[in-house]
Amino acid sequence: MRGRLLAFIYRHRSLQLLLLLVPPAGWFGVVYLGSLAVLFVAAFWSLDPLTSAIRHELTLRNFQQLVTDGVYRVVALRTIGIAAIVTVTDVLLAFPLAYYMARYARPRTRAILFVLVLLPLWSSYLVRVYAWRVILAQGGPLEWGLAQVGIPGVAIYPSDLAIPIVFSYIWLPYMILPIYAGLERIPGSLLEASGDLGARPGTTFRRVVLPLVFPAVVAGSIFTFSLTLGDYITPVLVSNSQFIGNVVFDSQGVAGNVPFAAAFAMVPVLVMALYLIVARRLGAFDAL
Amino acid sequence: MRRPILTLAAVAALVAAACGGGTATPTTAPASSAPSSAPTTAASSAASPGASPAASAGTSAAPSASGSASNPYPTGDYGTISPLKPAVDLSKVGGAGEGELDIIIWGGYAEDGTNVKEYDWVHPFTDETGCKVNTKVGNTSDEMVTLLRQGSTYDGVSASGDATLRLIANGDVTAIDPTTMPGMGDVAPYLINAPHYVVDGKYYGTPHGWGGNTLLYRSDMVTPAPTSWNVVFDPTAAQPYAGKITAYDSPIYIADAALYLKAHNPELGITDPYELTQPQFDAAVNLLKQQRPWVGKYWSLFSDEIDNFKNGTTIVGTTWPYQFNALKAGGTPVGQVVPTEGMTGWADTWMLSSKAAHPNCMLKWMAWMLTPEVQTQVAEYFGEAPANPKACKYLDATYASYGFKNFCDEFGVNDPSFYNSVAFWKTPLADCAGGGGTCVDYSVWSQKWTEIKG
Amino acid sequence: MARRVVGIATIVVLLFLYLPILVIALYAFNADRGQSWPITEWTTRWFGDALANEGVRDAFVLSLEAAVGATALALLLGSLAAFAVHRFRFFGRETISFVLLLPLALPGIVTGMALNATFNTIGLKFSLFTIIVGHATFCVVVVYNNVVARLRRSSHSIEEASMDLGADTWQTFRYVTFPVVRTALLAGALLAFALSFDEVIVTTFTAGTDQTLPIWILTNLRLPNQRPIVNVVAVLVILLSAIPVWLSQRLASEGGTPTRH
């Protein structure tokens with residue numbers, strides 16, 4: 001019986017497709033995109049200033065406020081700028097480690113490195129942020145250590161500089177893993193061929209390795225960029241600055257102004273949508 | 001609606017003074033720091049509706065040992081604290097329990113012994129009432145408001161003053177009958193008729209605990225010892241500490257600036273820091289924008305402020321008495337003062353959701369939380385002043401590991417010069433009594449706070 | 001020469017990755033409840049306190065349940081979508097990976113607010129189930145990516161060969177297809193589990209009165225008295241997680257190809 005049913009399914013390809021596609025498509029098409037659509041519509045509602053109730057009439061007032069009030073532009077630019085800095089920093093930090101894992105490490109070392117890269121992801125995000133606060137604070141290990149070698153008075157917490165440091169740290173494994181996978185996919189013979197044809201190691205790296213691994217770098221950057229863009233916990237913990245997420249969170253919570261929160265949330269949504277479209281053009285989706 | 005509390009406060013102060021004070025002055029708070037406005041306001045509001053219960057409450061404000069009824073509401077007796085057996089008959093509170101209770105709380109307000117064995121007032125409650133307690137921790141007042149409005153998921157909330165009036169105005173919470181709430185008569189006189197939960201003579205809940213927002217400073221770095229908020233607001237006085245000042249990270253902190261302006265810019269005519277007209281509000285916002293570059297770190301978690309004072313990241317600014325005590329106990333040289341301008345303060349209230357699925361269990365919980373024994377456990381665990389001063393009998397003697405000697409003195413529970421200086425948080429509403437009917441609404445406070453922080 | 005430079009850089013980056021974890025480990029033994037440097041007195045008492053703490057245990061168990069549930073759902077939905085995309089051409093095929101990636105790429109607060117509003121609208125009570133739904137939504141993509149990448153490099157012809165040799169569909173899946181994607185599923189599951197286990201933002205919007213471990217930590221970081229226990233919990237979680245990560249790594253490398261993300 002089971003065999004006959006499976007055979008029937010096997011012969012009818014459209015039925016196969018249907019069975020495969022309905023659960024994920026239903027989940028994402030209906031539950032997730034539906035929820036997002038509701039949020040999108042809410043961005044065009046407004047809050048009655050007297051009763052604090054939500055008025056279900058479409059208006060552009062929230063977006064008007066976003067554009068005219070300078071503080072929201074500052075917050076948005078700060079968030080996007082720091083997300084970009086974090087991404088670049090993570091590429092620079094991830095590359096040597098990923099390269100060592102993929103090219104130089106023996107299988108055993110590689111396995112150990114792989115575990116070492118993954119493990120920090122398992123320890124609490126919050127506790128790691130707190131640990132950084134201790135490290136960067138006045139009288140903390142960093143200031144203490146630098147003072148030992150004759151550079152006194154370096155306290156980075158609390159400041160805007162602390163934000164990219166902590167984010168670069170927290171999201172680094174998400175950059176290492178795709179770059180490692182990308183590097184590991186490049187056949188060794190290709191590099192040898194490049195060398196045989198007279199290219200020096202530097203040239204091979206620039207002309208062969210980099211172009212091939214670039215989609216993987218973009219893939220990793222999707223994580224580092226988007227995770228930084230959407231965070232609202234770290235900025236509050238290590239600095240006095242607000243991120244888009246803070247304003248969104250406060251608007252929906254503090255003021256109960258869900259429409260305004262939804263409107264401002266459209267900024268990172270738009271930025272990420274553009275980012276993903278460009279990333280796909282660059283072939284990053286195949287390297288994820 | 002803010003007058004009854006000042007009436008109370010003033011009467012309490014007079015009585016306390018007449019009885020020779022009878023309380024220790026907490027820490028370094030100067031005894032002469034009661035706000036100058038209190039007596040005059042009290043005199044002019046003698047006819048306010050809250051006056052009669054206030055007056056009767058005032059007569060026992062001094063911590064006399066008599067234990068006589070302090071207000072018209074039912075008082076409670078002492079039970080035993082170990083094992084926890086308060087002398088309250090919960091079967092007579094509300095109707096039959098529904099077997100379940102879902103509440104939104106501040107972390108630490110409903111301990112079941114899982115964190116520290118001695119602090120467990122949830123299991124005994126369930127044993128007594130059959131109401132199984134499920135808690136949802138709200139991380140901010142605003143999160144609590146959002147949560148409570150999510151339909152009938154929750155039966156009640158431990159709301160702070162910056163949330164209560166929003167909940168009342170929106171019909172999210174329902175009034176209770178104070179005459180049938182055991183222990184209501186034991187509530188401290190300065191809280192019983194407080195306008196952050198008593199509206200139009202209706203009681204929207206039961207007081208839980210409170211704290212004054214005092215001025216904390218590193219005594220080794222801030223000299224001479226400050227007596228005014230000018231060390232955080234005035235350009236000249238704050239100059240030496242620029243970059244090392246701390247402030248509370250919430251829109252309600254705008255009231256601290258307003259309180260300062262009330263004393264220093266009388267031409268603005270501020271009478272209530274929570275009821276601000278547009279020009280008054282703008283002045284407070286400008287003061288905070290001016291302060292912004294001097295702020296080393298805004299704090300929102302009290303544990304953060306402790307860390308920051310310990311390592312010197314911040315050395316002067318607003319605090320709760322808890323942080324001062326924790327720092328002092330940890331050996332950090334700190335001082336605490338009630339500034340001459342007075343101070344803001346918070347008070348939490350248990351409120352019953354108007355859509356509660358288990359209202360009887362919630363009412364029983366409210367009565368339970370008011371008993372001296374439970375008040376002791378929660379005050380000690382969380383580090384706050386109890387709403388029921390009867391708890392001081394246990395607190396001053398130290399109940400368990402988080403307690404310390406003279407607990408109530410440290411928190412100013414029985415000290416008029418302390419509690420009279422407090423302007424308790426309440427939600428700024430557009431429709432205000434003091435400002436001629438048009439004040440700046442809390443949603444604008446919140447937006448401006450975003451702008452101040454930048 | 002290049003190798004040495006890269007090697008040194010690798011060590012520096014590893015130090016960067018483990019410096020904060022070292023700090024957490026040190027503070028787990030700090031006798032003082034606060035976190036000031038340097039540590040003057042040492043103790044092991046917090047380990048006993050943490051192990052005796054029922055709140056931690058409950059939160060840990062709930063986090064495990066949520067992570068297992070979310071991972072299982074993600075494995076199912078992710079591999080279904082991967083097979084569909086790999087085997088068939090259909091309308092909207094190109095947008096599948098795009099849509100699956102959205103929950104991870106969009107800010108957690110957006111996903112959280114959107115799901116929260118939906119659960120409220122349809123009257124779904126917040127519970128373990130809603131936590132799992134929230135987590136699975138952003139975990140699907142990591143499974144999908146791993147499986148799709150593996151399928152792309154394997155050949156469909158071996159499955160046809162299997163059928164031609166008389167194996168039925170089930171046997172073909174069991175003995176041919178599954179072994180091909182096994183390590184990809186494992187790698188995807190591992191990452192999905194880690195993502196779910198440490199998630200805070202979406203969880204604050206999709207959890208009711210239940211506390212997952214990260215939410216417990218968020219709550220207890222507020223209480224200075226609990227701070228040392230939080231550090232101990234973080235250390236214990238790292239130690240515990242080393243076991244599954246190491247085991248899965250072993251399993252994956254036995255599969256012939258090294259684990260990839």
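Helices (H or I, at least four residues) and strands (E, at least two) are DSSP runs, numbered from the N terminus. By that rule, chain B holds 19 helices and 17 strands. This is a predicted model, in which local features need pLDDT of at least 70 and side-chain atom pairs count only at pLDDT 80 or more, while totals for chains, interfaces and linings use all residues. Residues are numbered from 1 along each chain as its sequence is written, and chains are lettered from A and ligands numbered from 1 in the order in which they are written.

**Chain B**

- A residue is buried if 20 or more other C-beta atoms lie within 10 Å of its own, exposed if 12 or fewer, and partly exposed in between, with C-beta atoms placed from the backbone.
- Of the 454 residues in chain B, 63% are buried.
- Two residues are in contact if their C-beta atoms, placed from the backbone, lie within 7 Å.
- Among contacts in chain B between residues at least 6 apart in sequence, 75% link residues at least 24 apart.

**Strand 13 of chain B and its partners**

- Two strands pair if DSSP finds at least two bridges between them.
- Strand 13 (residues 316–319) of chain B pairs with strand 10 (residues 214–218) of chain B in the antiparallel sense, over 4 bridges.
- In strand 13 of chain B, Val316(B) has Tyr217(B) opposite it.
- Strand 11 (residues 245–248) of chain B runs parallel to strand 13 of chain B, and 2 bridges join them.
- Gly317(B), in strand 13 of chain B, stands opposite Thr246(B).

**Where chain A meets chain C**

- The contact between these chains involves 78 residues of chain A and 72 residues of chain C.
- Helix 2 (residues 13–42) of chain A supplies the largest share of the chain A side, 15 residues.
- That side of chain A is made up of 62 nonpolar, 11 polar and 5 charged residues.
- In these classes, Ala, Val, Leu, Ile, Met, Phe, Trp, Tyr, Cys and Pro count as nonpolar, Asp, Glu, Lys and Arg as charged, and the others, Gly among them, as polar.

**Where chain A meets chain B**

- Here 22 residues of chain A are in contact with 23 residues of chain B.
- On the chain A side, the elements that give two or more residues are helix 4 (70–104) and helix 12 (244–253) of chain A.
- Helix 12 of chain A gives the most, with 4 residues.
- The side of chain A that touches chain B has 11 nonpolar, 10 polar and 1 charged residues.

**Domains of chains A and C**

- Domain bounds come from an automatic or database domain assignment.
- Chain A is split into domain 1 (1–31) and domain 2 (61–287), and the C-alpha centres of these domains of chain A lie 39 Å apart.
- Chain C is split into domain 1 (1–43) and domain 2 (56–254), with 30 Å between their centres, taken over C-alpha atoms.
- The contact between the domains of chain C takes 9 residues from domain 1 and 9 residues from domain 2.
- The domain 1 side of that contact in chain C has 5 nonpolar, 3 polar and 1 charged residues.

**Helix 5 of chain C**

- The expected span of a helix is 1.5 Å times one less than its number of residues.
- Helix 5 (residues 108–122) of chain C has 15 residues and so should span 21 Å, which agrees with the 21 Å between its end C-alpha atoms.
- Helix 5 of chain C is mostly covered, with 12 of its 15 residues buried.
- Among the buried residues of helix 5 of chain C are Gly108(C), Met113(C), Leu115(C) and Phe119(C).
- Gly123(C) follows helix 5 of chain C and has a positive phi, near 75 degrees.
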